[in-house]
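Grab a pencil and work through these exercises with the structure open beside you. Each task comes with a solution that goes step by step.

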Amino acid sequence: MNQAKRVLTGRKIVKGKTSGQAVVTGEAISFNGGVDNMTGIVTEPGHELEGVNIAGKVLVFLTGKGSTGGSYKIYDMVSRGTAPLAFVQVTPEPITTIGAIIGAIPVVAGLDEDPTKAIATGDWLDVDADAGTVVVTPQ
C-alpha cells in the first residue's frame, strides 16, 4: 500500500519544473569521470550508483564533486538526452549548479528534510524549483 504524498520544502537553486522517477544516493557524485555522458550511466568504481542509468530521472544526491569539467559534462548530457531531469541536493556547489544553469536543469536544495533519506529510489517526484518544493509520491 502506497503512503500519502509528502511535500518537502527548500530553496530554488536553478529555476524550472519537472516530474519523474527518483534515483537516490547518499554519496557525492562527479560528472567528470564518474558518469558516462554518452549514456547517463554512473561509472565511478565503488559508487553506490555504479552501473545505474540516471538519464531521464530526478537525481537526488548529497552534492557534486570533482573538477569544473563536470559542468560541461552535464551540459553535454543535456544535448545528448542523457542528463537527469532535475537535481535534488542536500548541499549545492558550483560544479553541478553551473552545469544545471547552462543545461536548464531545475535544482532544489536545502530541503526541510534530508532528501537522501526522505526519498527512495523509484518514488515519483514533482519538482517545482521556482517554489522550492518537491512533492514525493512513494512507490
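**Exercise 1.** Find what joins the side chains of Lys-65 and Glu-44, and work out whether each residue is buried or exposed or in between.

*Solution.* Keep in mind that you're looking at a predicted model. Start with the contact: the two side chains meet in a salt bridge, with N and O 2.9 Å apart. Lys-65 sits in the loop between E6 and H1, while Glu-44 sits in the loop between strand E5 (41-42) and E6, so to speak 21 residues away. Now check accessibility. Lys-65 has a relative accessible area of 33%, so it's partly exposed. Glu-44 comes out at 18%, and the limit for buried is under 20%, so Glu-44 counts as buried.

**Exercise 2.** Which residue does Arg-6 form a salt bridge with, and where does that partner lie?

*Solution.* Look for the closest N and O atoms: they are 2.9 Å apart, and the partner is Glu-113. Then locate both ends. Arg-6 belongs to strand E1, and Glu-113 is in the loop between E8 and helix H3 (115-118), 107 residues apart, which makes this a link between distant parts of the chain. Finally, the accessibility: Arg-6 is partly exposed at 29%, and Glu-113 is partly exposed too, at 36%.

**Exercise 3.** Work out how exposed the two ends of the Asp-114 and Lys-117 salt bridge are.

*Solution.* The N to O distance here is 3.3 Å. Asp-114 has a relative accessible area of 29%, so call it partly exposed. Lys-117 reaches 69%; exposed means over 50%, so Lys-117 counts as exposed. The whole count comes to five salt bridges.

**Exercise 4.** Describe how the rings of Phe-31, Phe-61 and Phe-87 are arranged.

*Solution.* Begin with the search of the whole structure, which turns up two aromatic pairs. In one of them, Phe-31 and Phe-87 have ring centres 5.7 Å apart and planes at 35 degrees, so the pair is tilted. Phe-31 comes from the loop between strand E3 (17-24) and E4, and Phe-87 from strand E7, 56 residues apart. Both are buried: Phe-31 has a relative accessible area of 1%, and Phe-87 has 0%. Then there's Phe-61 with Phe-87, an edge-to-face pair with 5.4 Å from centre to centre and 85 degrees between the planes. Phe-61 lies in strand E6, 26 residues from Phe-87, and it's buried at 0%. Put together, Phe-31, Phe-61 and Phe-87 form one aromatic cluster.

**Exercise 5.** Which strands stand at the edges of the sheet, and why is one side of each left without a neighbour?

*Solution.* Write down the order of the eight strands: E1-E10-E9-E3-E6-E7-E8-E2, an open sheet with mixed pairing. The edges are strand E1 (6-9) and strand E2 (11-14); each has a single partner strand, so one side of each has no neighbour in the sheet. On average, neighbouring strands are turned by 30 degrees against each other, ignoring direction. Now zoom in on E6 (residues 58-61) and E7 (residues 86-89), which pair in the parallel sense over four bridges. Val-58 has Ala-86 as its bridge partner in E7. Helix H2 (residues 94-103) packs on the sheet, touching E2, E6, E7 and strand E8 (107-109).

Key. Residues numbered from 1 in each chain as written. Predicted model: local features only at pLDDT ≥ 70, side-chain atom pairs only at ≥ 80, totals over all residues. Heavy atoms only, no water. Pairing = 2+ DSSP bridges. Helix = DSSP H or I, 4+ residues; strand = E, 2+ residues; numbered from the N terminus. Axes fitted to C-alpha atoms, helices over the stretch in contact; angles between N-to-C directions. Contact = heavy atoms within 4.5 Å. Phe/Tyr/Trp six-rings, centres within 6.5 Å; stacked < 30°, edge-to-face > 60°. Buried < 20%, exposed > 50% of the residue type's maximum accessible area, 1.4 Å probe, protein only. Salt bridge = Lys/Arg side-chain N within 4 Å of Asp/Glu carboxyl O.
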